[in-house]
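Me: Please take a close look at the aromatic rings in this structure. I would like to know how they pair and where the paired residues sit in the chain.

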Amino acid sequence: MLKEYSQYYFQASATLQRIEDAAHGLQFEERDQAVEVFAAQGVSMSRDHCRAIALLLDADLFSESIAVCRSLFELSFDTVWINSADNQTEKLERVYQLEADPYFQMNKEVKLFEEDVKSSSPLTSEKKLRQFRQVLDRTMKANPYLTVSPAQGKVDFKHAPSLAKRMEHDFRLQYYHIYRFMCLFTHPSPMLKELHLQNVQRNRTADELIEEPLKQVLAYTLLFIEIIAKTAASLMAVYASDKTDALKKCCEELFQLTEKANKGYFGTAEHKKSN
């Protein structure tokens with residue numbers, strides 16, 4: 001049903017690999033060049049995700065492929081958020097917030113563990129609490145730039161605003177609804193129920209139900225992969241000027257793939273503007 005789209009994603013994965021190859025040998029400092037590190041990591045993740053989407057499509061695992069697309073949407077939104085900051089200092093701070101956020105969330109759970117072990121009937125063992133606290137303390141010590149020191153209270157990890165709040169107004173109006181729409185196929189919903197449960201009465205087959213929405217999601221995901229790739233390519237070209245033409249060629253290949261995948265979901269002008 002979606003063989004052409006699986007091929008687009010196999011091709012996108014190969015193109016992203018060439019972008020990564022062009023940056024081979026570049027060494028970035030983890031803290032002071034965190035923006036470059038984030039971009040390079042984004043290319044690597046996108047490459048693997050594209051291959052995963054292609055394999056899932058070939059296996060007719062359609063809602064599962066949408067789940068992977070969601071991850072790429074989030075990565076592209078974060079890429080735009082970082083690089084829309086007014087200056088390099090703010091860009092770095094946004095990367096730090098994103099990197100620290102999972103630890104911030106984990107620390108909230110550890111604080112609950114600490115309260116629980118003091119109770120009369122704890123569900124958390126001292127060993128479990130100690131293991132998690134060691135991970136957090138070790139990360140704080142190794143990465144102090146991921147932490148904040150409030151006037152009162154213990155040192156904690158930085159954290160990022162919600163995904164929706166990280167999006168500029170116009171960008172959110174254009175694209176966030178696509179992300180929310182994808183949730184209909186990755187979280188319990190009438191649409192997901194109709195897709196997966198054979199005993200649910202429906203007027204369409206599962207393939208008919210998923211095909212058009214999935215094509216739209218796949219086209220938009222390629223568009224956002226372009227954003228990730230072009231951002232990384234522009235940063236890499238600063239350090240590897242001899243690779244500029246090769247990087248531009250890769251970005252053009254991704255642009256053409258997106259044009260092929262687009263079946264009128266967005267116009268060429270919007271496509272060019274997004275890049």
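Reply: What follows covers the chain as a whole, then the ring pairs, and then a charged neighbourhood.

The model is a predicted one. Its protein chain has 10 helices and 2 strands, arranged along the sequence as α-α-α-α-α-β-β-α-α-α-α-α. The C-alpha atoms fill a box of roughly 60 × 55 × 35 Å along the principal axes. Of the 275 residues, 46% are buried. Among contacts between residues at least 6 apart in sequence, 71% join residues at least 24 apart.

The count of aromatic pairs comes to 17. One of them is formed by Phe 113 and Phe 132, with 5.7 Å from centre to centre and 75 degrees between the planes, an edge-to-face arrangement. Phe 113 belongs to helix 4 (residues 88-117) and Phe 132 to helix 5 (residues 126-142), so this pair ties together parts that are 19 residues apart in sequence. Phe 113 has a relative accessibility of 16% and counts as buried, because the cut-off for buried is under 20%. Phe 132, at 30%, is partly exposed.

A second example is the pair of Tyr 175 and Tyr 220: the ring centres are 6.2 Å apart and the planes meet at 70 degrees, so this pair is also edge-to-face. The pair links distant parts of the chain, with Tyr 175 in helix 6 (residues 169-182) and Tyr 220 in helix 8 (residues 206-239), 45 residues apart. Both residues are buried: Tyr 175 has a relative accessibility of 2%, and Tyr 220 has 5%.

Tyr 175 and Tyr 220 are also members of one aromatic cluster, together with Phe 73, Phe 77, Phe 171, Tyr 176, Tyr 179, Phe 224 and Phe 266.

Another ring takes part in an arrangement with a charge. The charged end of Arg 166 sits over the ring of Trp 81, 5.9 Å from the ring centre. Arg 166 is also in contact with Asp 78. Asp 78 is placed in helix 3 (residues 62-83) and is buried, with a relative accessible area of 11%.

For charge over the chain as a whole, the mean positions of the 35 positive and 39 negative charges are 3 Å apart. The chain exposes about 14,800 Å², and carbon and sulfur atoms supply 51% of that area.

Terms used
Residues are numbered from 1 along each chain as its sequence is written. This is a predicted model: local features need pLDDT of at least 70, side-chain atom pairs count only at pLDDT 80 or more; totals for chains, interfaces and linings use all residues. Side-chain values use heavy atoms; hydrogens and water are left out. Helices (H or I, at least four residues) and strands (E, at least two) are DSSP runs, numbered from the N terminus. Buried means under 20% relative accessible area, exposed over 50%, partly exposed in between (1.4 Å probe, protein chains only). Contact means heavy atoms within 4.5 Å. Rings of Phe, Tyr and Trp (its six-membered ring) pair if their centres lie within 6.5 Å; planes under 30 degrees apart count as stacked, over 60 as edge-to-face and the rest as tilted. A charge sits over a ring if NZ of Lys or CZ of Arg is within 6 Å of the ring centre and within 35 degrees of the ring normal. Accessible areas come from the Shrake-Rupley method with a 1.4 Å probe; for residues, only the protein chains shown count as cover. Lys and Arg count as positive and Asp and Glu as negative; His and the chain ends are not counted. The place of a charge is taken as NZ of Lys, CZ of Arg, CG of Asp or CD of Glu. Lists of a residue's contacts leave out its neighbours within four places in sequence.
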